[in-house]
Number of protein chains: 2
Amino acid sequence: MNSIKIKSPATVANLVCGFDVLGMCLHEPNDEMEVKLITGKKITIHSTDGYALPSDPQLNTAGAPLIEILKTIDDDIGFEVCIKKNIKPGSGLGSSAASAAGVVVAANHLLGNRFTKNELVQFAMFGEKVASGVKHADNVAPGIFGGVTLIRCIFPLDIVSITPPPLFVTVVHPQIEVKTSDARQILRKEVLLKDAIKQWGNIAGLVAGLVKGDYDLIGRSLEDVIIEPVRSILIPGFDTIKKQCKEAGVLGGGISGSGPSLFMLSKDKVTAVAAENIMKDVYNQLGLDYHTYVTTINNEGCRVL
Amino acid sequence: MNSIKIKSPATVANLVCGFDVLGMCLHEPNDEMEVKLITGKKITIHSTDGYALPSDPQLNTAGAPLIEILKTIDDDIGFEVCIKKNIKPGSGLGSSAASAAGVVVAANHLLGNRFTKNELVQFAMFGEKVASGVKHADNVAPGIFGGVTLIRCIFPLDIVSITPPPLFVTVVHPQIEVKTSDARQILRKEVLLKDAIKQWGNIAGLVAGLVKGDYDLIGRSLEDVIIEPVRSILIPGFDTIKKQCKEAGVLGGGISGSGPSLFMLSKDKVTAVAAENIMKDVYNQLGLDYHTYVTTINNEGCRVL
């Protein structure tokens, strides 16, 4: 096998009360990638989408992880990568992570599965460093492991894989720009201990709810008293969408990654579609363009076609 | 049935990274109580131990919850309570909670189990208010539910019951006084966001480990970067005991409640006994009196005899 096609899914980092540690893999949208083994330690990257992403492998979120893979193996081989990005950069849906995760999973298949999923995450984090300057794992880990992942610790990397109960996810990506660096800069460096205690009560409840399949507990725990109150002001329509979606019966939801996309979790498809209609109405009224997705949690992660 | 005997167990609050939200029930030590139904809305409290605890029900941790129970029922009855405290007040092992939890479980049996466990916790919290001025639930909840409990939220009360895998618990109670009020006062009101993130990664890992029965994950997650570094300075021998117990193979451990008792969790009894010997050696060398217990997690809670 010298060539492989792969679908690399969108991911939702933070999951409301799990800032910097939780992430979730979606069935839609997906980047599509084709990766070919070539002779000679060389990496070339083409894109078939309209995004002007750097083709220099060192500056590309798919290229940097492959450079790291080539450093660890003796074989005189390289990779030719063709990417069609369907996950828009800057959407808050793990666009850079999809390139990084997809390419390492594809490369690993072509190399006869030499690496563990943990090692693949380590490689993919080099792509995140290219994208944001920081080697974080809360998007690449769910992209590679599927389901929900907890990054208990980043150095040394400790990933806990959590298989959630079936959940519908409604996503809206309003076409505005929220820079990750801005979204991070507006956060306070110190938080009140009493707020931190609330937050760790909630993340503990969320994890227990996900592992036990307790939907009510998941819903009660989807509360963020630290990050959301600050970041949500960057996202027009946030409060209205959240309030109306809760009234429509979603379990809960919030900002995807650092935004601007928002997501809501539901137990059934009817509620998930109702949430989508609310999101459409709000952004239609605000006169903002948007994309919506009604999807489910993807427990497989990147999928070789 | 007009009279009942009950064993009310010691509890460990906080569980390292779960400050103010996690608690765990032990098999040893236990308070012993006898509760009798009497005619007339009256409460009398006797103690058969040497502790000079107030006998006025309003000022007694067992009396205050019974007053609340009598307020909610129409029956012309009261309670006569006889307590033998084996859990020393001020030990950090939930002594006040044992009186409060034991008496409400006993009263509920005598009343034909009218109340849910959640309601019993609400009653018992009045006892904690008498003891410390604050209606907290992280000792009374595990005393009533057994196992490990998560207080996701205190108002409104949301208790998540977690059944852990079999675990041995080694406890040492050095005979020094650490006032809960002092232990609380030395905590900073603000914490670094990066430390809070580490802490919620750890509590999420601990809860996942407990629910999944993943001992290694439990061990890796038993880390507290916020409370322990401050409070442990009040407890002589803390660092030595923790370091040596880890070397002896315990999964982890820390301060029980606000101290001065320390606890260590182990997968097997041999390790738990090794931890006990380390604790004894350290306090013998320091010339401090102590009590030790090697016990297991009690999944039943208060037990009617």
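I started with Ala107(B), which sits in helix H2 of chain B; helices here are DSSP runs of H or I with at least four residues, strands are E runs with at least two, and both are numbered from the N terminus. The model is predicted, so I noted that local features need pLDDT of at least 70, side-chain atom pairs count only at pLDDT 80 or more, and totals for chains, interfaces and linings use all residues. Residues are numbered from 1 along each chain as its sequence is written, and chains are lettered from A and ligands numbered from 1 in the order in which they are written.

Is Ala107(B) buried or exposed? It is buried, because 27 other C-beta atoms lie within 10 Å (buried takes 20 or more, exposed 12 or fewer, partly exposed in between, with C-beta atoms placed from the backbone). Beyond its neighbours within four places in sequence, I found Ala107(B) in contact with Val35(B), Leu66(B), Ile69(B) and Phe79(B) (contact means C-beta atoms, placed from the backbone, within 7 Å). Leu37(B) is 70 residues from Ala107(B) in sequence, yet 8.1 Å away in space, C-alpha to C-alpha.

Next, I looked at how the two chains meet. Chain A and chain B each put 34 residues into the contact. On the chain A side, H6(A) gives the largest share, 14 residues. I also checked which elements of chain A supply at least two residues each, and they are E5 (148-153), E6 (158-162), E8 (190-192), H6 (193-212) and H7 (215-221).

Last, I followed E8(A) across to E8 of chain B (residues 190-192): they run antiparallel and three bridges join them (strands pair if DSSP finds at least two bridges). There, Glu190(A) stands opposite Leu192(B).

Key
Two residues are in contact if their C-beta atoms, placed from the backbone, lie within 7 Å.
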